[in-house]
Amino acid sequence: MPASPSTARAINDRVALRLLQQEGPLTAGQLKQLTGLSRPTVADLVERLTAAGLIEVVGESGEQRRGPNARLYGIVAHRAHLAALDVRTEGVSVVVSDLLGRELARASVPIADDTGTGPAVEQAVTLVERAAKEAGAERLHTVGVGAPGLIDPATGELRDSSGLPEWHRRLVAALQERLPARVIVENETNLAALAEQRDGAARDRDTFVLLWLGHGTGAAVVLDGRLRRGASGGTGEIGFLPVPGTSTLPSATDCEGGFHSLAGSAAIAELAAGHGLVATAASPGEPEAAALVRQAVATLSSPSASPSPSPSASSGADRFLSALADRLAIGAASVVAVLDPGCVVLGGEVGQAGGEVLAARVGERLARMSPLPVEVRASALGGGAVLRGALLTARESAQDDLFAPRSR
C-alpha cells in the first residue's frame, strides 16, 4: 500500500537528516540530488526541519547565484549534548560532545581499590557533571556507558559479576537518578568493536572478531554487520576459555586458568620479565603489558630506540613477541574455528601497541593452525575505542529519538 502523506513526509525528513549527519552541511539542491525528491518536496522538508529546530542555515555554498538553493543547511549540533563513559576497575573517563559527536570536554578520575562504593560512585558522577558544565551543557540527552562484565540482553542492565567492583553497578543507577538523561550501558569490548568497525581497523568488514587485550581479555563478535551478544549477553567472554598452557582450569566465578592466564596484562608482564624486558607505562592507567609490547616492537624496529640496544636485547624482544603470538594464536584459533570471521582485530591497548608486527606473527601462526582463511589486524583505536564506541552509541540513540517522526 502507498504511504500516507504524513508517513511519506516523515520518511523524507528522516532520509534528509541522515544525509546531513553523514555528509555534513548540504544545499537544498544537493539534498534534491541525493534524495531524488522533487524541488517542492525538498523545500517543504527544509521548512519543516528548520521550524522543528533540527536544522539551520550554517553558511552558503560556492555557487555564484545567490538564492535559497545556495544556502547550506546543517544539523543543529547544540540541540542535544551527549556523554560517553569508559568505566574501568581503576577509574572512569568521560567525554562530552554535541549532537554531531564533536568533543566539547574530556576528563578522567582514578578510583583506588580501597575506595568505598559510595565515595567511588560520587567521584564518578561528579566527574560527569563537571565535564558537562565545562562543555556548556545544561543537560545531557543521552549517556553511553562502557563497562566490563555482562549486560543482560533483556533489561540492558549491568549484571552482578564476580571480580568487578560493586560501584560499577551502583554507578549506572546513580547516573539515572542524578542526570535527566537516557543512560545506555554496553560491554566495553562490544563498544570497542563498534568503534573499530566505524572508524578503525574493521571499516571494510561486516564480519569480524575483536580480541580485546588490555588489563584483561575479551572478545566481541560482529556477524553480517550486527553485534552478537548471545542468550545471556556473554558472547566473547574469552577469558574463561579453557586453553593449553595453563596449570588449572577456569571456574564459573574465576577465569584463572583460562585464556586470561595467558593473555591478561599480568600474564604478559610475567612473560616479558622472563625474557629480560622492562618498560614504563606511557600514561597513568595504561596496562603494563602495553608498554612492554610497545618497547619490544620498538627494539626490533629500531634497536637504538631500546634503553639497552644490544644484540641480546633485540633477541629477547624477538623471543618475547614470538611467545606472545603463540599465546594469542591459541585463543584466536578457537574463535576462528567456531565462527569463521575472516578477520581478527587485536584490540585494546596491547593490540595497538603490538601493531602490524604482532598482528603478522599471530596471523602466521593462525595460518598454520587453521584451514580457514583469516586476516589479523592491529587495532587502530586501542584503549580509546571504548569511549569512541560509547559516544557513537549515545549519538545513535539521541538521533533516533530526535529524528523520530512526531505525531501531528
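**Figure 1. Strand E7 and the two directions of its side chains.** In this predicted model, Thr142, Gly144 and Gly146 point one way from strand E7, while Val143, Val145 and Ala147 point the other way, and all of these residues are buried. In a regular strand the side chains alternate between the two faces of the sheet. Since six of the six residues of E7 are buried, the strand is largely enclosed by the rest of the structure. E7 runs parallel to E4, to which five bridges join it, and Ala84 stands opposite Gly144 in this pairing. E7 also runs parallel to E8, with six bridges joining the two strands, and here Val143 stands opposite Val183.

**Figure 2. The open sheet that contains E7.** Five strands form an open sheet of mixed pairing, in the order E6-E5-E4-E7-E8. E6 and strand E8 (182-187) are the edge strands, each of them pairing on one side only, and the twist from one strand to the next averages 15°. Helix H5 (residues 166-178) lies across E4, E5, E7 and E8, and runs at about 165° to E4. Helix H6 (residues 188-199) packs on the sheet as well, where it touches E4, E7 and E8, and its direction makes about 90° with that of E8.

**Figure 3. Strand E5 between its antiparallel partners.** Strand E4 (residues 81-88) pairs with E5 in the antiparallel sense over eight bridges, and the two strands form a hairpin with two residues between them. Within this pairing, His81 stands opposite Asp98 of E5, and the bridge partner of Leu85 in E5 is Val94. E5 also pairs with strand E6 (residues 103-110), again in the antiparallel sense, over seven bridges, and in E6 the bridge partner of Gly91 is Pro110. The hairpin of E5 and E6 has four residues between the strands, and in this hairpin Gly101 takes a positive phi near 90°. How many of the eight residues of strand E5 (residues 91-98) are buried? Seven of the eight are buried, so E5 is largely enclosed by the rest of the structure.

Figure 4. Ala135 has its place in the loop between helix H4 (117-134) and strand E7 (142-147). Is this loop residue, Ala135, buried or exposed? Ala135 is buried because its relative accessible area of 14% falls under the 20% limit for that class. Leaving aside residues up to four places away in sequence, Ala135 touches His81, Val96, Leu104 and Ala105. Ala135 and Val95 are 40 residues apart in sequence, whereas in space they are 9.5 Å apart from C-alpha to C-alpha.

**Figure 5. Two separate nonpolar cores.** The largest nonpolar core has 43 residues, and those with the most contacts inside it are Val293, Phe320, Leu346 and Val362. Helix H10 (residues 311-339) supplies the largest share of this core, namely 11 residues. Which residues does Val362 touch, when residues up to four places away in sequence are not counted? Val362 touches Ala325, Leu328, Ala329, Leu346 and Val376. A second, separate core has 34 residues, and it includes Leu85, Val96, Ala124 and Ala147.

How values were computed:
Residues are numbered from 1 along each chain as its sequence is written. This is a predicted model: local features need pLDDT of at least 70, side-chain atom pairs count only at pLDDT 80 or more; totals for chains, interfaces and linings use all residues. Side-chain values use heavy atoms; hydrogens and water are left out. A nonpolar core is a set of buried Ala, Val, Leu, Ile, Met, Phe, Trp, Tyr and Cys residues joined through side-chain atoms within 4.5 Å. Buried means under 20% relative accessible area, exposed over 50%, partly exposed in between (1.4 Å probe, protein chains only). Contact means heavy atoms within 4.5 Å. Two strands pair if DSSP finds at least two bridges between them. Axes are lines fitted to C-alpha atoms, for helices over the stretch in contact, and angles run from 0 to 180 degrees between N-to-C directions.
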